[in-house]
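Colleague: I am new to this model. Could you take me through the salt bridges and one of the helices?
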Amino acid sequence: MVGKNPRVLKSGEIPASEYQVLWDTILSGREWQGEFHNKKKNGELYWEYATISPIFNEKGAITHFLAVKEDITQRKEMINELIKAKEKAEESDRLKSAFLTNISHEIRTPMNGILGFAQILKEPDLTGEQQQEYISTIEKCGVRMLNTINDIVDISKIESGQIIVFVTETNVNEKMNDIYTFFKPEAEQKRLQINYKNALPAKETIIKTDRNKLFTILSNLVNNAIKFTKTGSIEIGCNIVETLDATSLLEFYVRDTGIGIRPDQKEFIFERFRQASESLSRKYEGAGLGLAIAKSYVEMLGGKIWVESEEGKGSTFYFTIPYLV
């Protein structure tokens, strides 16, 4: 370093305006204090805190500058980690509050419907048609509340590590057909077409996996597709795909023509306690746990899940599981 200008230590990340302030300060005879993000001779970046003072001769002219510096890289990293931890804790508190508010809403709303229509059924002058209508509404409210409670129980078991994977021989085509048959009436009620495509050849349809978790994953994805699709169609299917290391995966997809997902929403829709709309004014019911449960189950089965979507044009959810025979 002897004979070289200290600028050789510059990282290139600090704007020239900050160096200008430094020079204006010390050339005016004052002391400057601040931080540098510099680099070592091996190119590694580090933070340092510096105090730079001018040195005067007997005539009062500046002849040298004295710089005393301290490596504060670890201190900066610790401060940044503390800031991140604080932000994460605040975000966690906000999400839990939003989640509890939404859960309360998801339980109170159908419960109010059940109690309200049960009270109306006591009216003596109701026609048979009116009674059937109110009973149907009570049933729908009951199913909605039961689904919410089931999701809470499932996510609680996942959080506490109480979920066990039971691997058995599973007929994939049979499970896909069960999903199609189960959701067809609900889709048709909304005047949506639901299609089941790309069935596996009979000799390839038996694999080893947890059949109940596979059914739950598909159920959550199809249920979401129906919920967020007003017109058009839902398509479910699966394919066998080969990876670069010559292993086989079973890739499932659920495609819809619904409202789609904004790019910023894709980052968190699989997170627990999150959903695309977290306010009580949202248009779609649900506690926002379905995708979190699906993601956890997919990972338990050794696969991964992702989404391709364009806002206003629909979404396609994909997930893979090992093709074990």
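Modeller: A salt bridge here is a side-chain nitrogen of Lys or Arg within 4 Å of a carboxyl oxygen of Asp or Glu. By this rule the count is 12 salt bridges. The model is predicted: local features need pLDDT of at least 70, side-chain atom pairs count only at pLDDT 80 or more, and totals for chains, interfaces and linings use all residues. Residues are numbered from 1 along each chain as its sequence is written, and side-chain values use heavy atoms, with hydrogens and water left out.

Colleague: Which residue forms a salt bridge with Glu48?
Modeller: Lys69 does, with the closest N and O atoms 3.2 Å apart. The pair links distant parts of the chain, with Glu48 in strand β2 and Lys69 in strand β3, 21 residues apart. Strands (E, at least two residues) and helices (H or I, at least four) are DSSP runs, numbered from the N terminus.

Colleague: Is Glu48 buried or exposed?
Modeller: Glu48 counts as buried, at 5% relative accessibility. Buried means under 20% relative accessible area, exposed over 50%, and partly exposed in between (1.4 Å probe, protein chains only). Lys69 is partly exposed at 38%.

Colleague: Changing topic, where does α4 bend?
Modeller: Helix α4 bends by about 40 degrees at Phe183, and Pro185 follows within four residues. The bend is the angle between axes fitted to the seven residues ending at a residue and the seven starting there.

Colleague: Which residues of α4 are buried?
Modeller: They are Val172, Asn173, Lys175, Met176, Ile179, Phe183 and Ala187.
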